[in-house]
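The stops below go from one region to the next.

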Amino acid sequence: MIPEDVLAFFDLKQGRRPKAILNVLVGKMTVSALFWGLEYDILEYLNFWKTIDTTSFLENVDRAVEGGFLAKKDELIYLTETGQQKQFSCTTPTPFIKKVRLDEAINLLLLANQVISEFSFKNNRYIPVSDNLRINVILKNWFKQLKSKNHHTTDLVQKYTQGLDELLSQLQQHDADILLSYLPNHVDPGWTIDQLAQAFGISKFQMELKIRLIFSKIISDAVLTKTAPFVDLLNSTIKENVMPDSTYQTWQLIRQGKMVDEVARLKHVKTNTVKEHILMAAILDSNFPFDKFVRFNFEIGKHPTEVDFRSIQSQIADITFFDFRLIQIRKIKEQQNNNGNR
């Protein structure tokens, strides 16, 4: 990793904490992690890169500060104008991808391309690109179903290639070329990240980020547009909800009209745990009914995260941190909606 790699996650005007960025990338599901992901407007990256080298990332943030690409002020990190010129330009993940087990989906697509390619050449002797038991079972069931619908080899291969062409047509040519080079097939196992990075003149980190973004795009397109035969393959990687299971269960009970204390008794948890789940729902549910939960009305200002809870508490004695955080979340969401997600 090089200092330029980390710049994509920082902003000229907004100070950010590197560890808060990493918490989002690796999918840390706490109220604090999600709150700062919301404030930084990077929640689309939630659970996007569980295997990222966090130590190297933090080291290169320090190196970027030393190099003048980033600036540190009061423990917050800002992008500098010099850093902006060096910043790696990339899209953000699609909103839908938060519901996808991304690594699993990528591995399924890689293995599927290899299996179909080898099948088209009637080759039964090859080493699969994945030795993950779950991935292999899902792929075998999908392939068996595909063969039952397409009895002739040519029909099956044509069905697959048509679907792949549809997905590739939604990409920029540059990205389509990268994806095709990366996919394994009968002729070769696909280019490595290192080979692609060298060929396209970017760092290994930037290439892996780009590949993940490309996959997030085609996975979202395949599922949302029901592109055959990929949608059947990828459905197993889709989570019912972005929220953790326990949080989602709490939120469903609350939506049914149950009170916080009642939910706590039913789930055998503390009332504070239920309130944390409500805050997580407020962050992750785009249709969260704030009016039902917000008890106080006061002006929190243009920068809601810069308002101190104690100063508000001195004005409203019975306000709790739960109330305060909920108002912050509502304000941040309102600002982002008004600004077109900044």
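**Start at Thr-82**

Select Thr-82: this residue lies in helix α4 (residues 81-86). Helices here are DSSP runs of H or I with at least four residues, strands are E runs of at least two, and both are numbered from the N terminus. Thr-82 counts as partly exposed because its relative accessibility is 41%. The classes are buried (under 20% relative accessible area), exposed (over 50%) and partly exposed in between, with a 1.4 Å probe and protein chains only.

A note on the model: it is predicted, local features need pLDDT of at least 70, side-chain atom pairs count only at pLDDT 80 or more, and totals for chains, interfaces and linings use all residues. Residues are numbered from 1 along each chain as its sequence is written, and side-chain values use heavy atoms, with hydrogens and water left out.

**Zoom out**

Show the whole protein as a cartoon. Its secondary structure comes to 17 helices and two strands. The C-alpha atoms fill a box of roughly 75 × 55 × 30 Å along the principal axes. Of the 342 residues, 49% are buried.

**Helix α5**

Select residues 102-120, which form helix α5. How many of its 19 residues are buried? The count is 15, so by the buried cut-off α5 is mostly covered. From first C-alpha to last, α5 reaches 27 Å, close to the 27 Å expected at 1.5 Å a residue. That expected span is 1.5 Å times one less than the number of residues. After α5 comes Lys-122, with a positive phi near 55°.

**Backbone stops**

Most residues other than glycine have a negative phi, and most peptide bonds are trans. Go to Asn-47, where phi is near 65°. Asn-47 sits in the loop between α2 (31-39) and α3. Next, Glu-75 has a positive phi of about 70°. Glu-75 is in the loop between β1 (70-73) and β2 (76-79), and its 56% relative accessibility makes it exposed. Then find the peptide bond between Ala-228 and Pro-229: it is cis, with omega about -5°. Pro-229 belongs to the loop between α10 (204-224) and α11 (230-234).

**Salt bridges**

The rule for a salt bridge is a side-chain nitrogen of Lys or Arg within 4 Å of a carboxyl oxygen of Asp or Glu. By this rule the count is 10.

- Lys-98 and Glu-44 meet at 2.9 Å, N to O. The pair links distant parts of the chain, 54 residues apart: Lys-98 is in the loop between α4 and α5, Glu-44 in the loop between α2 and α3. Lys-98 is buried, at 14% relative accessible area.
- Glu-208 pairs with Arg-212, with the closest N and O atoms 3.6 Å apart. Both lie in helix α10, four residues apart, about one turn of the helix. Glu-208 is partly exposed at 24%, whereas Arg-212 is buried at 6%.
- Arg-295 and Asp-323 meet at 2.7 Å, N to O. Arg-295 lies in the loop between α15 (290-293) and α16 (309-315), and Asp-323 in helix α17 (residues 321-338), 28 residues away.
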